[in-house]
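Please look through the model below with its helices and its nonpolar packing in mind.

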Amino acid sequence: MQDVLAMTYFWLKAGHIIFVIFWMAGLFMLPRLFVYHQEAPEGSEEAARYVERERRLLKIILLPSIIVVWVLGLMLAMTTGAFSQGWFHAKLLFVIVLSGYHGWLSAYAKKLARGERSMDGKTLRLLNEVPGLAAVVIVILVVIKPF
C-alpha cells in the first residue's frame, strides 16, 4: 500500500493543498457572514438569506473540504512517515484545534438560525483571525520542520 501511495505522493500533496485552500476560505468567510447576519434585523428576510448562505457554505464547501483535507493529509503522513516526526505532531495539534473551531462555527450557525445571537460583532471579527494564525503556524511547521 505504501508503494502505491508513494507513487501518488505529488497528486496527494496537490489535492491536500487545494482542499486546504477551500477549507481556509470557508473558515475566513463564515464568521464574516455571522457579523452581517447579526447586523440584519432579527426575523427579517435579510437574516433568512444569511441563514441560507451560512448553511450552503457549511454543506457545500466546508464539510467536503475538511473531509478531503483529513483523508489526504493522513495519506500523506503515511506516505512520508511523518507520524514519527515532532513537527508533524505539532501540526496535527493545530489541525485538530482548527477542526474544533470549524465544529464550533457550525454549531454557532445553528444558533443564529434559531435566532440566538450570543456574541457581538467585535468578538466575531476577532474570531475571524483564528484560521489565519493557525495557517501561519502550520505552514511554518510544514516548511521549516523546526523539530
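Predicted model: local features only at pLDDT ≥ 70, side-chain atom pairs only at ≥ 80, totals over all residues.

Residues are numbered from 1 along each chain as its sequence is written, and side-chain values use heavy atoms, with hydrogens and water left out.

Helix H3, spanning 45-80, has 36 residues and reaches 51 Å from its first C-alpha to its last, close to the 52 Å expected at 1.5 Å a residue. Helices here are DSSP runs of H or I with at least four residues, numbered from the N terminus, and the expected span is 1.5 Å times one less than the number of residues. At Leu58, H3 bends by about 35°, the bend being the angle between axes fitted to the seven residues ending there and the seven starting there. After H3 comes Gly81, with a positive phi near 70°.

The largest nonpolar core has 24 residues, and those with the most contacts inside it include Trp23, Leu27 and Leu62; such a core is a set of buried (under 20% relative accessible area) Ala, Val, Leu, Ile, Met, Phe, Trp, Tyr and Cys residues joined through side-chain atoms within 4.5 Å. H2 (9-39), H3, H4 and H6 (130-144) each supply at least two residues of this core.

Glu116 lies in the loop between H4 (86-113) and H5 (121-127). With a relative accessible area of 34%, Glu116 is partly exposed, that is, between 20% and 50%.

Note on methods. Buried < 20%, exposed > 50% of the residue type's maximum accessible area, 1.4 Å probe, protein only.
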